[in-house]
Amino acid sequence: MLTDCTGKSPKPSTSLIPLSNAALLDSITKLDSLVGRTKASNNVQAHRYAKQALSIALRMNSEVALARAYLMLGIGYFNHNSDSSFIYYSMALTVANKYKLKSIKPKIFYNLANVYQTASDNKMALIFLDSSISLGQISNDHIILSNAYNALGNLKSELQDTVDAKAMYDSAYNIAHRNKLQTQMGIATASLARFENDPVSSFAIQQKAINLLQRQPGNEEEISLILINLGLQSINIDTAISYYRSAIKISQSGNSAIAEIAAYNNLAYSLLDKKNFQEAVLCLEKHAIPIAKRIENYDWLSTLYDTYTDVLLAENKIGQALTYERKALKARVEADKRQANAQVRLLAALLDLKNKELRIQTNARELEEKENKIHLMNAWFSIVIIFLLLTIFIVIWIMQRKKIRYQKEIIISAKRVIEAEESMKGRVSMELHDLTTPFYTSMLQQIEQAQISDNHIEYDLKSKLSLMTASLRKISHRMSNSFIEELTISELVNGLCEDLKIASIIPIHCVISQTDFNLSTEQTIHLYRIVQELLTNATKYVTSGEININLYEEAGMFFIFYQDTGPGFDMKTAISKGLGVMNIFERAKIINGNARLNTSSGKGTKWYISLRVSKVNHTIQKT
């Protein structure tokens with residue numbers, strides 16, 4: 001691939017590098033460019049280019065070439081193996097320090113800052129970026145200077161320091177503008193667009209950034225990301241779709257897999273907004289998901305499965321939606337697992353370097369002060385232990401955070417399923433309500449047309465028809481959330497008990513300690529659905545004895561106590577297979593409540609539902 005890397009070299013009398021070394025150094029420069037272009041889209045190929053550069057550097061016996069080759073290897077490994085990347089950057093820094101190669105150190109410090117930022121060590125990242133800027137100013141490396149200021153701006157943005165972040169982006173832009181660095185100008189311009197409150201101005205600045213980036217090849221990923229951002233900011237769906245399609249084309253031309261996945265994902269949501277389900281599915285199934293699988297990016301794969309779930313829910317394909325939601329959770333677990341492993345490996349590499357530094361310092365002090373050898377060894381040993389304990393604490397803390405996030409995602413998934421169920425109930429309620437009046441009118445007309453000779457029979461038929469119609473309307477109302485939102489939990493449960501008493505042969509005792517409780521609309525809906533599930537199941541399975549339900553408030557807590565004398569059931573089987581039982585547990589979790597079940601075969605069923613609320617005084621109701 002490097003057949004054209006040679007050219008006219010300087011005359012031997014004035015050349016500092018022999019002819020063969022000049023050609024080889026030119027090859028390393030071209031390989032450096034190839035590593036930068038392929039590091040994200042084709043990590044394996046990036047490694048090959050970096051290893052070719054290392055082979056050339058060893059042949060050249062040049063310290064500069066060796067340091068550059070190690071730096072390229074670090075860049076090639078960064079996206080997938082940050083611990084290996086850190087090792088190669090450290091090797092490059094060792095060579096640069098040993099042979100006093102000042103010109104390459106700004107770039108090494110810049111890349112080391114990226115590694116420390118990945119390890120969530122923002123303090124060390126700031127130190128290395130400051131060092132990169134200081135040395136970049138001395139060596140007049142304007143590209144690194146602009147890149148470092150852009151990186152500082154990103155770091156300040158993460159720390160919510162918007163004033164300093166904007167100042168850093170301004171500095172990056174000014175340096176790039178003075179030195180006509182189109183790529184760095186484009187990146188800084190795109191970053192500055194975030195601080196514009198006027199959407200029109202923001203759009204114009206981002207378009208300017210695209211124009212700057214298009215002047216130089218190799219910026220396809222940055223352009224794609226800006227186009228995706230423009231799509232997200234677009235109010236018009238068709239305009240957004242146009243931006244996403246443009247982003248897809250550009251990311252494909254630049255082999256930027258991540259940008260392509262992001263563009264397809266956002267395009268799918270825009271097509272979903274237009275009810276174009278078929279094309280939305282194609283975006284995910286034929287394009288985005290295969291790409292994410294190919295590059296083994298489980299983080300994006302989880303997001304894409306979530307998007308697919310939303311499309312299926314919009315098409316009312318509830319069963320398929322549940323399947324893809326499970327796939328999303330599985331991919332999320334794998335992504336978190338891989339990220340945790342990578343973080344542990346990186347922390348281990350950082351710790352290893354720290355230990356080496358400590359050993360060097362200890363040896364130096366031992367040579368200088370032999371009489372204090374024991375004290376120094378004890379002191380450094382204590383530091384190592386503290387550092388190890390701190391590292392273990394950080395790892396445990398990270399794992400705990402991931403566990404909490406995983407539990408939150410499970411609750412969110414359950415909430416989506418329940419929302420889908422509520423949506424379905426709402427549609428059924430509307431259809432049932434709309435059919436009731438035509439049904440009643442039609443049947444009434446048929447009764448009248450039948451000309452029944454016995455007036456009592458005719459009256460009885462009409463009465464039963466009216467009663468059935470009223471019951472259907474009640475059912476449709478109780479299925480609709482809009483009806484539930486108009487009433488208190490006391491009114492809802494009272495009405496439900498009264499309705500079921502008519503149909504049930506078993507006595508239903510309902511005690512409500514207050515006319516109203518301090519509950520939100522969401523809490524009321526979920527609690528009513530829980531009571532509805534309990535009482536509906538009871539009327540099916542309880543054949544003797546009685547059914548008791550009690551709603552009360554005590555010490556800032558709202559309680560539902562339910563008890564029946566029914567046949568009971570095996571708890572393990574019900575929890576693993578029963579959707580109704582799981583529904584009660586998940587609804588309680590969604591509103592930050594707690595549900596406890598006590599039952600066994602032949603011994604009835606008891607439920608305890610509890611929820612923290614603000615204390616409000618009300619009167620007692622009994623039915």
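**Notebook: cores, rings and charges**

I began with the largest nonpolar core, which has 59 residues; Ile 108, Leu 112, Leu 129 and Tyr 149 touch the most other members. Helix 3 (residues 63–78) gives this core its largest share, 10 residues. I note here that the model is predicted.

I then listed the contacts of Leu 129, leaving out neighbours within four places in sequence. Leu 129 is in contact with Tyr 110, Ala 113, Ala 148, Ala 151, Leu 152 and Leu 155. There is also a second, separate core of 46 residues, and I found Ala 257, Val 281, Cys 283 and Leu 304 among its members.

Next, aromatic rings. I counted 12 aromatic pairs. Tyr 116 is in helix 5 (residues 105–118) and Phe 128 in helix 6 (residues 122–139), 12 residues apart, and the pair links distant parts of the chain. Tyr 116 is buried at 9% relative accessibility, and Phe 128 is buried at 13%.

Lys 327 lies over the face of Tyr 324, 4.5 Å from the ring centre. Arg 596 has its charged end over the ring of Tyr 608, 4.7 Å from the centre.

Then salt bridges, of which I counted eight. Arg 245 pairs with Glu 279, with the closest N and O atoms 3.2 Å apart. Arg 245 is in helix 12 (residues 237–253) and Glu 279 in helix 14 (residues 277–294), so this bridge ties together parts 34 residues apart in sequence. Arg 245 is partly exposed at 38% relative accessibility, and Glu 279 is partly exposed at 33%.

Arg 332 bridges to Asp 336 at 3.9 Å between the closest N and O atoms. The two are four residues apart in helix 16 (residues 318–368), about one helical turn. I found Arg 332 buried at 11% relative accessibility and Asp 336 buried at 7%.

Glu 498 and Lys 501 form a salt bridge at 3.7 Å, N to O. Both lie in helix 20 (residues 489–503), three residues apart. Shared partners join Asp 299, Arg 332 and Asp 336 into one salt-bridge network.

My last entry is Glu 260, in helix 13 (residues 257–273). Which side chain of opposite charge is nearest to Glu 260? I found Arg 294, 5.6 Å away; Glu 260 is buried yet has no salt bridge, because the cut-off for one is 4 Å. Not counting residues up to four places away in sequence, Glu 260 touches Ser 251, Gln 252 and Ile 291.

Definitions and conventions
Residues are numbered from 1 along each chain as its sequence is written. This is a predicted model: local features need pLDDT of at least 70, side-chain atom pairs count only at pLDDT 80 or more; totals for chains, interfaces and linings use all residues. Side-chain values use heavy atoms; hydrogens and water are left out. Rings of Phe, Tyr and Trp (its six-membered ring) pair if their centres lie within 6.5 Å; planes under 30 degrees apart count as stacked, over 60 as edge-to-face and the rest as tilted. Buried means under 20% relative accessible area, exposed over 50%, partly exposed in between (1.4 Å probe, protein chains only). A charge sits over a ring if NZ of Lys or CZ of Arg is within 6 Å of the ring centre and within 35 degrees of the ring normal. Lys and Arg count as positive and Asp and Glu as negative; His and the chain ends are not counted. Contact means heavy atoms within 4.5 Å. A nonpolar core is a set of buried Ala, Val, Leu, Ile, Met, Phe, Trp, Tyr and Cys residues joined through side-chain atoms within 4.5 Å.
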